[in-house]
Amino acid sequence: MPVSQSELTQHFEHVLRLSRVDESQSVAILKSHYSNTFIVNAAMEAALRLKARAYIVELPAFNHETAMGNDLTAYVGHTALTDHPAAQQALMAADLVVDTMMLLHSPEQEAILKSGTRILLAVEPPEMLARMLPSESDKRRVVAAQKVFEQAATIKVTSAAGSDFQAALGQYPVVTEYGFADEPGRWDHWPSGFLFSWPNEGTAEGTLVLDVGDILLPFKNYVREKPVTLEIEKGFIKRIHGGFDAEYLREYMEHFKDPEVYALSHIGWGLQPRAQWTALGLHDKNDAIGMDARAFEGNFLFSTGPNTEVGGPRNTPCHMDIPMRHCTVMLDDLTVVEEGKVVAPEESLSR
Ligand SMILES: O=c1ccc(O)c[nH]1
Ligand SMILES: [Fe+2]
């Protein structure tokens with residue numbers, strides 16, 4: 001449904017307040033010509049209502065001849081901010097950056113965060129922002145899951161469709177997304193409600209079988225015809241086979257001519273009860289980046305390509321996010337998701 005400017009502004013006021021915005025803060029709104037003006041206006045108006053010192057940094061759009069489509073997550077890491085130290089300084093000067101153009105997975109984002117500046121990504125359509133308005137209880141649940149994730153030495157994922165995957169953990173931090181940027185140097189994304197880490201280098205092994213209904217982002221397709229099997233060895237996808245969806249995925253990844261695109265990237269699970277598995281089917285491809293699919297409660301979300309977000313060396317632009325249903329996710333001997341249902345830790349369950 002359409003969301004009025006006034007309603008969106010109120011939601012932004014709620015989220016900026018959760019992000020510790022007040023009269024002591026400066027807020028930079030990062031935009032480009034393709035930013036949603038409703039979002040830019042709501043962010044600016046909300047920041048002013050909270051008496052923050054607000055300003056806009058506008059960058060010309062960045063394009064690359066390898067990039068295809070308009071999804072902001074399809075080509076990551078190289079952005080309009082790359083090699084633009086003046087704009088980067090203008091953003092590092094802020095206490096909070098509201099990013100409406102997508103810096104995620106870029107080294108520049110990491111540099112801005114390292115300076116103590118917080119970043120809140122907000123690129124989804126107002127309907128999704130309104131439906132998945134974050135709350136302190138979202139944070140409590142995601143942080144409770146983070147505590148068990150951080151203790152774990154291994155992750156194991158199985159499914160009736162035939163997935164049997166595992167990886168060692170601990171080399172990389174656990175990243176939480178609960179929808180507001182409330183701590184110094186924190187990045188978050190509204191809407192969200194999930195958490196992830198990266199497999200220790202070279203340890204991801206096994207098979208992931210994408211069954212009918214699993215989702216391929218940024219294609220925004222549900223696997224429909226027959227399962228796609230990914231065979232993973234030493235942290236990299238070695239073989240992709242199945243029907244049409246497998247052929248399409250192979251061809252898309254080959255297009256980048258970069259062996260790093262086959263690396264496993266972030267892996268974790270969804271904790272957002274207001275995200276719906278079905279929502280993606282109601283949006284045009286250019287409407288959204290598909291956060292319902294990344295965040296729906298009980299998914300196992302894995303991804304491919306970059307690890308810049310955790311200081312890793314892979315800055316490959318091809319990034320697939322692949323949420324799966326009906327998986328069982330175990331951290332050491334603790335089952336956190338059982339056949340697509342969150343079962344532990346208790347404090348992470350939504351009532
Ligand atoms: O919120 C997000 C969005 C995309 C992504 O790759 C990770 N987290
Ligand atoms: Fe991702």
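**Fold, metal site and contacts**

Reply: Of the protein's 351 residues, 58% count as buried. This is a predicted model.

Me: What radius of gyration does the protein have, and what does the globule rule give for 351 residues?
Reply: The protein holds eight helices and 20 strands. Its C-alpha atoms fill a box of roughly 55 × 45 × 40 Å along the principal axes. The globule rule gives 20 Å for 351 residues, and the protein comes close to this, so it is as compact as a globular protein of that length, with a radius of gyration of 19 Å.

Me: Among contacts between residues at least 6 apart in sequence, what share joins residues at least 24 apart?
Reply: Contact here means heavy atoms within 4.5 Å. Among contacts between residues at least 6 apart in sequence, the share that joins residues at least 24 apart is 72%.

Me: How much of the accessible surface belongs to carbon and sulfur atoms?
Reply: The accessible surface of the protein comes to about 14,000 Å². The part that belongs to carbon and sulfur atoms is 53%.

Me: Which residues are the protein donors of the iron ion (ligand 2)?
Reply: The donors lie 2.0 to 2.8 Å from the iron ion. In sequence the donor residues follow the spacing H-x52-H-x1-D.

Me: Where in the chain do His266 and His319 sit, and how many residues apart are they?
Reply: His266 is in strand S15 (residues 264–270). His319 is in the loop between strand S16 (300–304) and strand S17 (320–324). The pair links distant parts of the chain, with a separation of 53 residues.

Me: Is His319 buried or exposed?
Reply: Buried means under 20% relative accessible area. His266, at 4% relative accessibility, falls under that cut-off and counts as buried. His319 has 1%, so the class is again buried.

Me: Are the rings of Phe62 and Tyr75 stacked, edge-to-face or tilted?
Reply: The structure holds 13 aromatic pairs. In this one the ring centres are 6.5 Å apart and the planes stand at 40°, so the pair is tilted.

Me: Which residues form one aromatic cluster?
Reply: The cluster is made of phenylalanines and tyrosines. Its members are Phe219, Phe244, Tyr248, Tyr252 and Phe256.

Me: Over which rings do the charged ends of Arg186 and Arg325 sit?
Reply: The charged end of Arg325 is 3.7 Å from the centre of its ring, that of Trp277. For Arg186 the distance is 3.8 Å, and the ring is that of Tyr178.

Me: Which residues does Lys139 touch, not counting those up to four places away in sequence?
Reply: Lys139 is in helix H6 (residues 136–151). Its relative accessible area is 15%, so Lys139 is buried. With near sequence neighbours up to four places away left out, Lys139 touches Tyr178, Phe180, Asp182 and Glu183.

Me: How far apart in space are Ile39 and Thr9, C-alpha to C-alpha?
Reply: Ile39 lies in helix H2 (residues 37–49). Its relative accessible area is 0%, so Ile39 is buried. Ile39 and Thr9 are 30 residues apart in sequence, and their C-alpha distance is 8.2 Å.

Key:
Residues numbered from 1 in each chain as written. Chains lettered and ligands numbered in written order. Predicted model: local features only at pLDDT ≥ 70, side-chain atom pairs only at ≥ 80, totals over all residues. Heavy atoms only, no water. Donors = N, O, S within 2.8 Å, 3.2 Å for Na, K, Ca; no water. Helix = DSSP H or I, 4+ residues; strand = E, 2+ residues; numbered from the N terminus. Buried < 20%, exposed > 50% of the residue type's maximum accessible area, 1.4 Å probe, protein only. Phe/Tyr/Trp six-rings, centres within 6.5 Å; stacked < 30°, edge-to-face > 60°. Lys NZ or Arg CZ within 6 Å of the ring centre and 35° of its normal. Rg over C-alpha atoms; globule rule 2.2 N^0.38 Å. Areas by Shrake-Rupley, 256 points an atom, 1.4 Å probe, with all protein chains shown as cover.
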